Amino acid sequence: MEPVFDRVESRVTGLRVQAQRDLGGVETISADLVVDASGRGSHSPAWLDALGYAKPREEGVQVQIGYMTRLYRRRPEHLPGKQAVVMAGCRPGWRFGVILAQEDDRWIVTLGGYLGDRPPADEAGYIEFARSLPKPEIFGVIKDADSLTPLAPYHFSANLRRHYEELRRFPEGLLVFGDALCSFNPVYGQGMTVACTEALALQECLVAGSQGIARRFFQAASKLIDIPWQMAVGSDLQHPAVAGKRTAQLRFINWYLAKLFRAAQHDALLATRFLEVANLMKPPPSLMAPGIALRVWKGSRAAA
Ligand SMILES: Cc1cc2nc3c(=O)[nH]c(=O)nc-3n(C[C@H](O)[C@H](O)[C@H](O)COP(=O)(O)OP(=O)(O)OC[C@H]3O[C@@H](n4cnc5c(N)ncnc54)[C@H](O)[C@@H]3O)c2cc1C
């Protein structure tokens with residue numbers, strides 16, 4: 001698959017795609033606008049390069065996350081009254097685990113770690129990994145629950161952002177979208193939400209006409225990506241071995257969040273506010289509103 005480029009007009013006029021296997025050959029599809037939504041493996045940077053345009057600057061934060069997921073039979077005595085337990089990676093071990101109730105009396109369990117620290121692919125090793133988490137809930141369930149599926153591994157290397165908004169020249173008739181623009185560490189569950197907000201931005205851009213749409217769309221998308229990117233990368237950079245620039249602002253935010261987490265253990269309002277921000281329902285500054293900051297200060301002192 002590659003774009004069809006009109007050098008006279010400096011615009012993409014369609015796509016050349018591999019025709020269905022039994023038909024063979026290459027097929028050309030004409031289009032007023034081609035949107036590259038092919039995910040983080042997008043070839044747009046290479047296409048731009050081949051067409052004589054600059055490639056976007058890439059920003060990456062390596063996390064080398066590895067996790068392993070499995071379904072278990074859910075019994076009434078498991079975590080009574082709870083539908084889920086989520087343990088985010090934190091010092092000293094940075095291992096994380098999630099257990100979520102599903103339909104048909106099942107649990108879905110995911111365990112993982114950073115920078116190559118992956119759960120073993122065998123039953124005993126997986127259970128031992130659960131035992132090593134900071135809290136015992138997940139281990140307490142899976143140590144003797146019936147597993148329903150094999151262990152399924154997943155690996156994610158790096159948060160990756162491509163700064164198309166910085167390019168001074170970009171062909172008409174082409175856009176880049178979703179994970180092809182920015183792909184986040186999946187443990188934060190942001191990518192689909194961000195792609196939806198980009199879709200709304202694209203709708204607004206299209207209403208204003210297609211001329212110069214790339215500049216308008218990339219600027220709008222960049223603003224939408226900024227906050228979730230800072231949240232994902234900022235959180236990953238709490239891990240001391242994750243490489244990246246830790247600005248004074250980031251160090252302050254992570255210091256404040258550590259206090260907030262301590263206070264939120266006994267304060268449902270703080271916990272809810274954090275989840276609203278983490279799920280992109282409220283802006284991050286709402287965590288620093290005076291009433292919230294006071295609760296953080298009092299709560300973290302009480303929990304110390
Ligand atoms: C394990 C995991 C868990 C996640 N959990 C969450 C979550 O809880 N919440 C959330 O909001 N986000 C989550 N995400 C992120 C979310 O999945 C992505 O942000 C979202 O799918 C991006 O959509 P996209 O369409 O840009 O790219 P993709 O979903 O990657 O889609 C790209 C598509 O293009 C196709 N394609 C690529 N190249 C070609 C080609 N040459 N020809 C034809 N087709 C091609 C691919 O096969 C693919 O189907 C998670 C991601 C992962 C990996």
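Reader: Which elements each supply at least two residues of the lining of the largest cavity, and which of them gives the most?
Author: In this predicted model, the largest cavity is lined by R161, R162, Y164, E165, L181, F218, S222 and I225. Two elements, β9 and α5 (213-236), each supply at least two residues of that lining. The element that gives the most, with three residues, is α5.

Reader: How much space lies in the largest cavity, and how many cavities of 30 Å³ or more are there?
Author: Rolling a probe the size of a water molecule over the atoms shows where empty space is left. With the limit set at 30 Å³ or more, the count comes to one cavity. The space in the largest cavity is about 40 Å³.

Reader: How do the residues of the lining of the largest cavity divide into nonpolar, polar and charged?
Author: The lining includes residues such as R161, R162 and E165, together with others such as L181 and F218. Arg and Glu count as charged, while Leu and Phe count as nonpolar. Taken over the whole lining, the residues divide into four nonpolar, one polar and three charged.

Reader: What is the volume of the second largest pocket, and which residues are the closest to its centre?
Author: The second largest pocket has a volume of about 270 Å³. There are 15 residues in its lining, and the closest to the centre of the pocket are D179, F184, P186, G191 and M192.

Reader: Which element gives the most to the lining of the second largest pocket?
Author: Both β9 (152-163) and α4 (191-207) supply at least two residues of this lining. By class, the lining of the second largest pocket holds six nonpolar, seven polar and two charged residues. The element that gives the most, with four residues, is α4.

Reader: Which residues are the closest to the ligand, and which element gives the largest share of the shell around it?
Author: The ligand is surrounded by 14 residues, of which the closest are Y67, Y154, D179, G191 and M192. Sorted by class, this shell has six nonpolar, seven polar and one charged residues. The largest share of the shell, three residues, comes from α4.

Reader: Where do backbone atoms lie from the polar atoms of the ligand, and what part of the ligand's accessible area does the protein cover?
Author: An oxygen atom of the ligand lies 3.3 Å from a backbone N or O atom of G189, and a nitrogen atom of the ligand is 3.4 Å from a polar backbone atom of G191. For M192, a backbone N or O atom lies 2.8 Å from an oxygen atom of the ligand. Of the 1,000 Å² of accessible area that the ligand has on its own, the protein covers 50%.

Reader: Is S42 buried or exposed?
Author: S42 sits in the loop between β4 (34-36) and α1 (44-50), and a polar atom of its side chain lies 3.1 Å from the backbone nitrogen of S44. Because a residue under 20% relative accessible area counts as buried, and S42 has a relative accessibility of 7%, S42 is buried.

Reader: What is the form of the peptide bond from R91 to P92, and what is the phi of W94?
Author: Most residues other than glycine have a negative phi, and most peptide bonds are trans. P92 lies in the loop between β6 (84-87) and β7 (96-102), and the bond from R91 to P92 is cis, with omega near 5 degrees. W94 is found in the loop between β6 and β7, and W94 is buried, with a relative accessible area of 7%. The phi of W94 is positive, near 65 degrees.

Reader: Is D105 buried or exposed, or in between?
Author: D105 lies in the loop between β7 and β8 (106-113), and its phi is also a positive value, near 50 degrees. The relative accessible area of D105 is 48%, and exposed would require over 50%, while buried would require under 20%. D105 is therefore partly exposed.

Reader: How many helices and strands are there in the protein chain, and what share of its residues is buried?
Author: The C-alpha atoms of the protein chain fill a box of roughly 70 × 55 × 35 Å, taken along the principal axes. The chain has eight helices and eleven strands. Of its 304 residues, the buried ones make up 40%.

Methods:
Residues are numbered from 1 along each chain as its sequence is written. This is a predicted model: local features need pLDDT of at least 70, side-chain atom pairs count only at pLDDT 80 or more; totals for chains, interfaces and linings use all residues. Side-chain values use heavy atoms; hydrogens and water are left out. On a 1 Å grid over the protein atoms alone, a cavity is a set of points where a 1.4 Å probe fits but cannot get out, and a pocket is an open set with protein on both sides within 12 Å along at least five of seven lines; lining residues have an atom within 4 Å of a point. Grid points are joined across faces, edges and corners, and a volume is the space filled by probe spheres set on the points. A residue is near a molecule or strand if one of its heavy atoms lies within 4 Å of it. A polar contact is a pair of N or O atoms within 3.5 Å; within protein, one must be able to donate a hydrogen and the other to accept it, and residues adjacent in sequence count only if both atoms are side-chain atoms. Accessible areas come from the Shrake-Rupley method with a 1.4 Å probe; for residues, only the protein chains shown count as cover. Buried means under 20% relative accessible area, exposed over 50%, partly exposed in between (1.4 Å probe, protein chains only).
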